[in-house]
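Colleague: Before we discuss anything in detail, could you put the model on the screen and let me ask about its local geometry step by step?

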Amino acid sequence: MQICSNFHHKSSSLGQRQEREDQSWLEHLPAEWRPLVVAPLELRHYQDYEMAAARVVGYDADDKPCYTAHHFSLTEPRSDDGEEFYTVLAYGEELAAWRLRDERWLVWREIRAEEECTQARSFYSLAQAMPR
């Protein structure tokens, strides 16, 4: 993966202004957990140019990771008649994780698999380390 943009600089006033502007790190965070997480001052975005995948890592005032998110999709060709092919999602995953003030990580994960009658499954869990 390559870095495609940096969101803010180290300045705390700029970091606070940018944090208010970019609230994407709050997207899957339940409201009752918000007071318990360390808010990022800087978000670094990464994009994979060979497959449908991206990652964001958020850093606190000590330049320590406190937020991470990623998503990726694996596709495969399918055909109903052997002549015309189309692309379907074989597997997809989306993840967001926040470092709690007690150093554990709250992790939200959604998994999508192309199986008949299967919907996306999402769940929360706690982890001792940042998901990779």
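Colleague: Is His70 buried or exposed?

Modeller: Bear in mind that this is a predicted model, in which His70 lies in strand β4. A residue counts as buried under 20% relative accessible area, and because the relative accessible area of His70 is 12%, His70 is buried.

Colleague: Which residue has a side chain joined to that of His70 by a polar contact?

Modeller: Leaving aside residues up to four places away in sequence, His70 touches Ala54, Arg55, Glu93, Glu94, Leu95 and Arg132. From this set, a polar contact of 3.0 Å links the side chain of His70 to that of Glu93.

Colleague: Which residue in the turn between β4 and β5 has a positive phi?

Modeller: The two strands form a hairpin, with five residues between them. In that turn, a positive phi of about 80 degrees belongs to Gly82.

Colleague: And on the other side of the pairing, which residue of β6 stands opposite Arg99?

Modeller: Strand β6 covers residues 105-113 and pairs with β5 in the antiparallel sense over nine bridges. These strands also form a hairpin with five residues between them, where Glu103 in the turn has a positive phi of about 80 degrees. The β6 residue opposite Arg99 is Trp105.

Note on methods:
Residues are numbered from 1 along each chain as its sequence is written. This is a predicted model: local features need pLDDT of at least 70, side-chain atom pairs count only at pLDDT 80 or more; totals for chains, interfaces and linings use all residues. Side-chain values use heavy atoms; hydrogens and water are left out. Two strands pair if DSSP finds at least two bridges between them. Helices (H or I, at least four residues) and strands (E, at least two) are DSSP runs, numbered from the N terminus. Buried means under 20% relative accessible area, exposed over 50%, partly exposed in between (1.4 Å probe, protein chains only). A polar contact is a pair of N or O atoms within 3.5 Å; within protein, one must be able to donate a hydrogen and the other to accept it, and residues adjacent in sequence count only if both atoms are side-chain atoms. Contact means heavy atoms within 4.5 Å.
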